[in-house]
Protein chains: 2
Amino acid sequence: MTTMELLAQARGAKGAMALADSEQKNRALLAMADALERRQGDILAANAQDLEAARGTISEVMLDRLALSPQRIAGMAQGIREVAALPDPVGKVLARVERPNGLVIEKTAVPMGVIAIIYESRPNVTSDAAALALKAGSACVLRGGKEAHRSAAAITAALKEGLAEAGLPREALQLVEDTTRASSRELMTAAGYVDLLIPRGGAGLIRACVEQATVPVIETGTGICHIYVDGAADLDMALDIVENAKCSRPSVCNAAEVCLVDRACAPAFLPRLKERLADGRAAKGEPPVELRLDLAAAALIPGTPAGEADFDTEFLDYILAVKVVDGVEEAVAHIARHSTHHSDCIITGDEGTARRFLAGVDSAAVYWNASTRFTDGGEFGLGCEMGISTQKLHARGPMGLQELCTYQYRIRGTGQIR
Amino acid sequence: MTTMELLAQARGAKGAMALADSEQKNRALLAMADALERRQGDILAANAQDLEAARGTISEVMLDRLALSPQRIAGMAQGIREVAALPDPVGKVLARVERPNGLVIEKTAVPMGVIAIIYESRPNVTSDAAALALKAGSACVLRGGKEAHRSAAAITAALKEGLAEAGLPREALQLVEDTTRASSRELMTAAGYVDLLIPRGGAGLIRACVEQATVPVIETGTGICHIYVDGAADLDMALDIVENAKCSRPSVCNAAEVCLVDRACAPAFLPRLKERLADGRAAKGEPPVELRLDLAAAALIPGTPAGEADFDTEFLDYILAVKVVDGVEEAVAHIARHSTHHSDCIITGDEGTARRFLAGVDSAAVYWNASTRFTDGGEFGLGCEMGISTQKLHARGPMGLQELCTYQYRIRGTGQIR
């Protein structure tokens, strides 16, 4: 099927999805989870073909991301069941007003319509994204990576069985068959077919969407996250938070990439930072962090001299750029120039300084005395997430079910005219 | 000044606007209103030049829209004072959660940054749009129509005086000097400078924004609004609502353009519709409405035969397309194909039918037994509006101060790591 044909099918199914009630959608989700487990053999066979074809062309880390196992499939099914257990966002009355003329106006959450997601190789995204979009009352069009296509096709076939068992149209879930760039481009420009496009991938994909898309897009994020250690910081807390934000999972977008240190505490803090992140970790057999130092930091501790690009790089690795700044104002100014507006943090014991930072930093999440690693739908209590938005329109930060909906005004009258 | 230079100035001022508190912003708005009245002579002189240059090149209706008077300037000043009296949207905590780990997460309304507005000739939009954007804590870049440029420049000069009197940067308000299409294009593609672009104008401008913009855009709307008269309608109420929606102000986007009539009541309703809208109005000396009838309607009453295009045209005139449909399902299906998703209405006494319509019609505003003319920020109780969004992302329907803001998550911890 061509991409436009399957988009037309998805569009045709959005009415049925919008009218499905919570009970029917949840029944479909539970049937989808069961079907995944029932079709485990087909899925693992398809995945083995994907792995065989990919071996030698992608890294071992990528191969591991691609690989499925009975445990991983059970985890995917469990993920779908958790989405079924979440409250239905559709139909929620977000605001209600009764006007003096008697009109009752209800601002009501309604589905987007057709949500398309472009993603890369992890097969579990296929079921996660489908479950969220369908629970939000939308039809879902998935365009996954080439390496995982056979796996995604087997997963999608199982999920469609579950939809049909609950009496919902199979056409509400579509996997794009064409895995060349042409299909991404088609999704980006399918005005009238795609109500929301969510690109989940690298900076190149996001940029292409921003430049080429004529359909509504929510950018998900690259994260150049900063931690500013203020002169009034508890330095023990600062060390714990910087290590956690940098090292607990360096490959994710909410990991810290830059540490800004107030000149007032730099002589005390920087030697301890080096001990904690580099020498101390090496001594414990953990991957040490390479510190890339600006001139002022380099005058206090040994390390690699930072190039200017180091303050604009999402390392996704055990590397931390370090810069000495003159207090919160310079920290805020540096972040304004270099942040990707994902998550930025201040460590301080001074409430006034913290408020200045929180109000001055224009990012999706701003932290006072906590790790940037908490920027996550689950950690924020949303129960799930479709990604982390780094744009300002519609959704910012973790996107849960509510952010996958739009709203409409429903107005009841008794013959009012104006 | 080039457009890029003034965008850079606006961007430089957004920090000061974001940090301004309610008292300071309101003081600035009141000073802006006073300055408009104080500079009335300059503004009227500039407006006289605009009118002189435009005479003969634009219609009398457009000339009237362009013309200012002491009364109109007083009205503009009053509009600014009303914005000052509205609650400040910035800093409002939209949601608050305390997590089991002790993190306190506040989803907080924050300014967009730089809001740019492209509009046409009415000079009062200059002050309305500036007041709303500044109250929402953003810097504001205005790009008005060529015909009104001298007026807009005089108005902007006065408003900047007001800003400065309250200690806010004059640079937070900018009027684009270049009124050729090149400057619109520059605004659409000024990524990193424009946080939100709102085009207010005809379908051509909106289409150009959708196709070319790389900055975030909220489309404002053309309205092909429908009224469906159900078989269970109170026909007297239906006549009142259709006449009001069509005739009270035919040139606006929330006016009705299409009347769908249930086959069950068409023989009773259509002759009365013709009497009310055409003959009755003519007899009272009011502009009669031209009815453009599909075949089934034409079999019941005299009128102009409708061409297919008549069901996809925003007439903005005393013209109404009329079609007979088989009940609510065909009405919903027709609206799905032809609506611009602005405002659509059902007239019925049957609650089940009404619910089917409200849930099935995917428009910004859906009405049951009230005129579509109520789709308006003031009528919805928002106190004001920047326009009517017909898109689904971020804002739908009338955009008030809240919709001109974004949000960020502010997270307070005590050293939490993950």
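## Nonpolar cores

In this predicted model, the largest nonpolar core comprises 156 residues, and those with the most contacts inside it are Cys140(A) and Cys140(B). When neighbours within four places in sequence are left aside, the contacts of Cys140(B) are Ile115(B), Ala129(B), Ala130(B), Ala133(B), Leu134(B), Ala172(B) and Leu173(B).

## Relation between the two chains

Chain B is superposed on chain A by a rotation of 180 degrees with 0.0 Å of shift along the axis, and the RMSD is 0.1 Å. The two copies are thus related as by a two-fold rotation axis. Within chain B, His394(B) has the C-alpha nearest this axis, at 1.8 Å from it.

Of the interface residues of chain B, 100% are also interface residues in chain A, so the copies meet through the same surface.

## Packing of helices 2 and 7 in chain A

Two packed helices are described by the distance between their axes and the angle between them. In chain A, helix 2 (residues 22–38) and helix 7 (residues 149–165) have axes that come within 7 Å and cross at roughly 140 degrees. Helix 2 of chain A and helix 7 of chain A are therefore oblique to each other, and their crossing is right-handed.

On the side of helix 2 of chain A, the contact is made by Ala28(A), Ala31(A), Met32(A), Asp34(A), Ala35(A) and Leu36(A). Helix 7 of chain A contributes Ile155(A), Ala158(A), Leu159(A), Glu161(A), Gly162(A), Leu163(A) and Glu165(A).

Technical notes. Residues numbered from 1 in each chain as written. Chains lettered and ligands numbered in written order. Predicted model: local features only at pLDDT ≥ 70, side-chain atom pairs only at ≥ 80, totals over all residues. Core = buried A, V, L, I, M, F, W, Y, C linked by C-beta atoms within 7 Å. Buried ≥ 20, exposed ≤ 12 C-beta atoms within 10 Å, placed from the backbone. Contact = placed C-beta atoms within 7 Å. Least-squares fit on C-alpha atoms with pLDDT ≥ 70 in both. Axes fitted to C-alpha atoms, helices over the stretch in contact; angles between N-to-C directions. Helix = DSSP H or I, 4+ residues; strand = E, 2+ residues; numbered from the N terminus. Parallel < 35°, antiparallel > 145°, perpendicular 65-115°, else oblique. Left-handed = near helix turned anticlockwise from the far one by under 90°.
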